[in-house]
Amino acid sequence: MSPTPEEIRSAPKVVLHDHLDGGLRPETIVDLAADHGHELPVPDADGLRTWFVDSADSGSLDRYLETFQHTVGVMQTREALVRVAAECAEDLAADGVVYAEVRYAPELHLDRELSLDDVVEAVQEGFRQGEQRAAEAGRPVKVATLLTAMRHAARSREIAELVIRYREAGVVGFDIAGAEAGFPPTRHLDAFEFLRRENAHFTIHAGEAFGLPSIWEALQWCGADRLGHGVRIVDDITMSDAGQPVLGRLAAYVRDKRIPLELCPSSNIQTGAASSIAEHPFGLLAKLRFRVTVNTDNRLMSATSMSREFSVLAEAFGYDLSDFQWFTVNALKSAFIPFDERLALINDVVKPGYAALVAQRTLAHLRPASR
Ligand SMILES: O=c1[nH]cnc2c1ncn2[C@@H]1O[C@H](CO)[C@@H](O)[C@H]1O
Ligand SMILES: [Zn+2]
C-alpha cells in the first residue's frame, strides 16, 4: 500500500543535508532584499519561487550555484540571519522533520558588518527561536549546525577552527561545498587533518558533479565521515553477464564500511547528476544495502521538502512506511550528535511515530465503514 500524503507528512523525518541559504521563503527574500538594497531578478514572491526553480533547472552545478547570489545577498545582517534560521527550523518542523543538520558557509555572510563569529551566533540564535516556536506549535524539532567552507576559496582551516570554537553551542560538524570540478577535496587537507586531531566530524560534497576520484579522495585522503551526495559511487558498480551488480573496490568499501550517503534526488535532476527520479541510483543503492539517507539539499531551488522527496521516491520505487523508517534510522545512525541522543531519537520518537502510523492503518482497515 503506498503511503498517503498525510502519512508521509506526519511520519517522523530526519534530514542531514539541507543548506540554510538554499531554503529561504520567497516572501522573506522580498522583505530582506528591500532592507539590504539588493536587486532581485523578479520583484514578487511568487515570481521568485518560480525563478529559483527554473534557473536552478539548468543541468549544470555551476549554473545552479549562481542562483545563491540572491539568497546569500540578503543574508548579510544579524537580523536577517536570525529570521532565516528561525523560519528554517519552523518550516522543517511543519514538514514533520524531527532532527535536522542544516549547513551554510559563514564566509559568504561577511559583506556588511558581520564577523565569522557574529554570523554563527546569529544563526544559532535563529535556530533556537525557531525550535521554540515549533515546540509551541506542537511539532518539536532539533536543529544542529554544520559549517561549510567553499571549496574554491582558501578559508577552510579558519572555518574548521570556527566549528571547534562553537562545538558546545550546537555546531556539530564541518563540510566543504561549491563547484566540484577542478577543486578536489585534498586542497583542504589541512582543515580535515586539524578536525581529525580535534576528534570532530565532517562530511564532504563529493561524487555529485564529478565522479569516483572525488569520492576516493574525500574518504581515503581526507577521512570524511559521510559523503554529501556520493551518488556517483554507482560508476563503480557494473552488471555481470548474468545481470548481477558487481561492486568495484571503492563501492565495496563505501558499502561495507557503512559510509552514509547523503542522497538528494531532486537536486541531482536539476544539476544533471541523474536524469530522472525513476532512473536515480537511489533505488539500486538502497537495494544493495548501502547506507542511504534522503535529503532535500536546497528546498527553495528544488521546490521540495522531505515529504516531497519521500513521495517521489515512493512513486518511483514503491517504498512504504517501513522503508521510510529504515531511511530515517539510517540518517540518525549517521548524525553527528552524540550516540545516546541519536538512540533516544530513534527509540522515543522515530520508532513510536512509525508504529502509530501503522496502527492507524490497521484500525482504518478494521473499520471499513469509516474509510
Ligand atoms: O548541491 C550542492 N553542491 C555543491 N555546493 C552546493 C550545493 N548546494 C549548495 N551549495 C553551496 O553551498 C553553499 C553553502 O550553503 C551555498 O552558498 C552554495 O554555494
Ligand atoms: Zn549540498
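How do the residues of the shell around ligand 1 divide into nonpolar, polar and charged? Let's find out together. There are eight nonpolar, seven polar and four charged residues in that shell. Here Ala, Val, Leu, Ile, Met, Phe, Trp, Tyr, Cys and Pro count as nonpolar, Asp, Glu, Lys and Arg as charged, and the others, Gly among them, as polar.

A quick word on what you are looking at. This is a predicted model, where local features need pLDDT of at least 70 and side-chain atom pairs count only at pLDDT 80 or more, while totals for chains, interfaces and linings use all residues. Residues are numbered from 1 along each chain as its sequence is written, and chains are lettered from A and ligands numbered from 1 in the order in which they are written.

Back to the ligand. Ligand 1 is surrounded by 19 residues, and the closest are His19, Phe68, Tyr104, Ala105 and Ala177; a residue is near a molecule if its C-beta atom, placed from the backbone, lies within 6 Å of it. Two or more residues of the shell come from each of α4 (61-66) and β2 (97-104). Helices (H or I, at least four residues) and strands (E, at least two) are DSSP runs, numbered from the N terminus.

Now the record. In UniProt, an unreviewed entry carries the annotation "binding site" for His17, His19, His205 and Asp297; such annotations may be inferred rather than shown by experiment. These residues are spread over 281 residues of sequence, yet they cluster in space, with a largest C-alpha distance of 12.0 Å.

Let's visit two of them. His19 sits in strand β1 (residues 13-19). Is His19 buried or exposed? His19 is buried, because 25 other C-beta atoms lie within 10 Å; the cut-offs are 20 or more for buried, 12 or fewer for exposed, and partly exposed in between, with C-beta atoms placed from the backbone. Beyond its neighbours within four places in sequence, His19 is in contact with Arg103, Tyr104, Asp297 and Asn298, contact meaning C-beta atoms, placed from the backbone, within 7 Å.

Asp297 is in the loop between β10 (292-294) and α14 (306-317). Asp297 is buried too, with 28 other C-beta atoms within 10 Å.

Seven of the seven residues of β1 are buried, so β1 is largely enclosed by the rest of the structure. β1 and β2 run parallel, joined by five bridges; strands pair if DSSP finds at least two bridges between them. One example is Val14, whose bridge partner in β2 is Tyr99.

Key:
Two residues are in contact if their C-beta atoms, placed from the backbone, lie within 7 Å.
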